[in-house]
Amino acid sequence: MPGALAFPATLRSGAALAAVLLASCATNPVTGRSELALVSESQEIAMGKQGAAEVVQSIGLYPDAAVQAYVSRLGLGLAADSERPQLAWEYHVLDDPSVNAFALPGGFIFVTRGLLTHLTNEAELVTILGHETGHVTARHSVRQISQAQLAQLGLGIGSMLSSGISRYSDVAGAGLGLLFLKFSRDDESQADQLGFRYALADGYDVRQMVGVFRMLDQQNKLSGGGRLPEWQATHPDPGNRIQATEQRLAALKEDLSTKRVGQEAFLKVTDGMVYGETPRQGFFRGALFMHPDLRFLFRFPDGWKTQNRSDAVLGASPAQDAIIVLRPASGTAAEAARTFFSQQGLQAGTVSQNQIHGFPARTGQFSAETEQGVVRGIATFIEDGGTTYQITAYTTGDKFSRYGSALQQSSLSFDRLTDPDALALQPMRLRLTRAPRAMTLTQFNSQYSSSVSLDELALINGIGKAGQLRSGQMVKRVLAGSSPR
């Protein structure tokens with residue numbers, strides 16, 4: 001247009017950025033301060049809902065309605081008196097042995113059964129539920145997502161007002177990636193403070209929060225492997241949490257001795273809960289994966305990192321540049337192979353019909369062009385009775401010559417599980433036993449042994465090995481192969 005001023009591109013992008021900032025501020029429900037929020041509440045809820053669905057699908061809920069209802073009741077009690085009671089809050093227990101809890105945007109809170117087995121009373125659990133609730137009420141995820149989007153806008157990638165600018169603004173691309181949003185040390189400190197306040201307002205003895213952090217510190221040294229990481233991997237340490245909690249306690253003016261602890265109520269709910277890995281759902285012995293209920297075994301290459309999820313079993317090379325995935329497939333081996341190898345954009349080699357340890361199978365190589373380059377691999381489909389398994393083993397095109405043999409050997413390792421010891425394995429479970437008299441935990445363990453070490457027993461009971469038990473006190477034990485309560 002004649003006579004129009006032509007602004008430099010840098011000034012135009014700066015003006016666009018300023019416009020977005022002016023239009024995208026919201027009042028934080030906790031602090032009351034105005035802050036950047038490039039994600040609306042409806043988008044926040046939608047992202048959280050999809051992420052929650054993917055978590056449930058990949059990890060699985062703990063199959064005990066009483067435990068689920070108990071945790072949900074406690075969480076919803078906190079949420080009702082929070083700064084965002086209007087959210088459709090959900091609190092769930094995941095069937096995972098790791099010691100963890102996390103919050104997804106929009107009010108979707110998860111704790112693991114591994115965490116529950118390591119707590120000793122209801123007040124401890126409520127402070128953790130309060131901590132995760134605080135992440136949502138203070139919109140910590142929204143802040144992290146907004147900052148990521150803002151960084152992209154500042155780099156000139158595109159306008160925040162356009163759809164699909166980033167994987168965070170596209171709800172369909174959120175999913176499990178929400179689990180890996182990293183809260184800051186300030187966010188963690190604020191969540192601790194909110195969890196403390198919510199639990200206190202709900203009538204709980206918040207002195208128990210100190211025990212939670214002591215347990216988490218000690219548990220980090222004994223951590224085991226679950227599908228999820230442990231608490232320390234997902235919650236940056238904001239400093240001395242115990243000292244900060246003790247300072248909050250010192251500032252209180254009310255009598256905490258009248259507040260609820262709920263030890264016996266909590267222990268009765270967790271009595272009979274699965275402890276550690278669940279072998280009936282598959283377990284690893286080194287690189288060998290065995291599934292007693294489905295009666296098969298499968299070997300990954302030695303030294304690979306492996307993971308047993310509810311929807312698949314995975315192995316990745318140490319350099320993370322090759323992967324093997326074993327999962328169920330639809331139809332017969334022939335039908336599943338035809339569906340896979342006929343995918344658009346996939347170049348299929350010769351697909352052969354054969355048998356693998358007596359199981360009907362279809363096997364073929366494939367390659368595909370992706371945004372990251374060419375992928376090359378082997379796809380194998382095996383029929384076992386009425387179930388078909390798909391084994392997809394692949395790497396980048398330039399590394400197939402390096403990994404091809406290992407991928408092939410692993411793909412051909414599927415076999416029937418016949419080891420009677422493996423087939424008979426049952427999960428360990430928590431059991432409660434009352435101390436017959438005043439005694440130390442070491443003395444108790446000598447009389448009522450457990451299937452875990454004394455150090456681990458001390459950890460889950462929140463007491464030192466030489467700690468004194470009261471006569472009649474309920475003590476957790478871990479027993480192998482016991483039945484549910």
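Predicted model: local features only at pLDDT ≥ 70, side-chain atom pairs only at ≥ 80, totals over all residues.
The account begins with the charged side chains. Side chains of opposite charge can pair when their charged atoms come close. Across the whole structure, 19 salt bridges are found. One of them joins Arg84 to Glu41, with 3.0 Å between the closest N and O atoms. This pair connects distant parts of the chain: Arg84 lies in the loop between helix 3 (65–80) and strand 3 (90–94), while Glu41 belongs to helix 2 (residues 41–59), and the two are 43 residues apart. Arg84 has a relative accessible area of 2% and is therefore buried, whereas Glu41, at 35%, is partly exposed.

Arg84 also forms a salt bridge with Glu44, and here the closest N and O atoms are 2.9 Å apart. This pair again links distant parts of the chain, from the loop between helix 3 and strand 3 to helix 2, with 40 residues separating Arg84 from Glu44. Glu44 counts as buried because its relative accessibility is 2%, and the limit for a buried residue is under 20%.

A further salt bridge occurs between Lys399 and Asp321, whose closest N and O atoms are 2.9 Å apart. Lys399 is found in the loop between strand 17 (387–396) and helix 13 (400–411), and Asp321 in the loop between strand 11 (313–316) and strand 12 (322–329); this pair, too, links distant parts of the chain, 78 residues apart. Lys399 is partly exposed, with a relative accessible area of 28%, and Asp321 counts as buried at 14% relative accessibility.

Arg139 is placed in the loop between helix 5 (122–137) and helix 6 (140–154). With a relative accessibility of 9%, Arg139 counts as buried.

Most residues other than glycine have a negative phi, and most peptide bonds are trans. In Arg139, however, phi is positive, near 55°. Gln320 likewise has a positive phi, of about 60°, although it is not a glycine. Gln320 lies in the loop between strand 11 and strand 12, the loop that also holds Asp321. Gln320 is exposed, with a relative accessible area of 53%.

The aromatic side chains come next. A pair of aromatic rings is described by the distance of the centres and the angle of the planes. The count of aromatic pairs comes to 16. In the pair of Phe284 and Phe300, the ring centres are 6.0 Å apart and the planes stand at 50°, so the pair is tilted. It links distant parts of the chain: Phe284 lies in strand 7 (residues 283–285) and Phe300 in the loop between strand 9 (296–299) and strand 10 (305–308), 16 residues apart. Phe284 is partly exposed, with a relative accessible area of 24%, while Phe300, at 2%, is buried.

The pair of Phe341 and Phe381 is edge-to-face, with 6.1 Å from centre to centre and 70° between the planes. Phe341 belongs to helix 12 (residues 333–341) and Phe381 to strand 16 (residues 373–384), so that distant parts of the chain, 40 residues apart, are linked. Both Phe341 and Phe381 are buried.

Phe284 and Phe300 are also members of one aromatic cluster, together with Phe289, Phe296, Phe298, Phe359, Tyr389 and Phe414. Elsewhere, an aromatic ring meets a charged side chain: Arg260 lies over the face of Tyr204, at 4.2 Å from the ring centre.

Rolling a probe the size of a water molecule over the atoms shows where empty space is left. The second largest pocket holds about 560 Å³ of space. It is lined by 31 residues, of which Ala458, Leu459, Asn461, Gly462 and Ile463 are the closest to its centre. At least two lining residues come from each of helix 8 (208–219), helix 11 (263–270), helix 16 (454–461) and strand 22 (474–480). Which element supplies the largest share of this lining? Helix 8 does, with seven residues. By residue type, the lining of the second largest pocket comprises 12 nonpolar, 12 polar and seven charged residues.

Notes. Residues numbered from 1 in each chain as written. Heavy atoms only, no water. Phe/Tyr/Trp six-rings, centres within 6.5 Å; stacked < 30°, edge-to-face > 60°. Helix = DSSP H or I, 4+ residues; strand = E, 2+ residues; numbered from the N terminus. Buried < 20%, exposed > 50% of the residue type's maximum accessible area, 1.4 Å probe, protein only. Lys NZ or Arg CZ within 6 Å of the ring centre and 35° of its normal. 1 Å grid on protein atoms, 1.4 Å probe; cavity = no way out; pocket = protein on both sides within 12 Å on 5 of 7 lines; lining within 4 Å. Points joined across faces, edges and corners; volume = space filled by probe spheres on them. Nonpolar A, V, L, I, M, F, W, Y, C, P; charged D, E, K, R; others polar. Salt bridge = Lys/Arg side-chain N within 4 Å of Asp/Glu carboxyl O.
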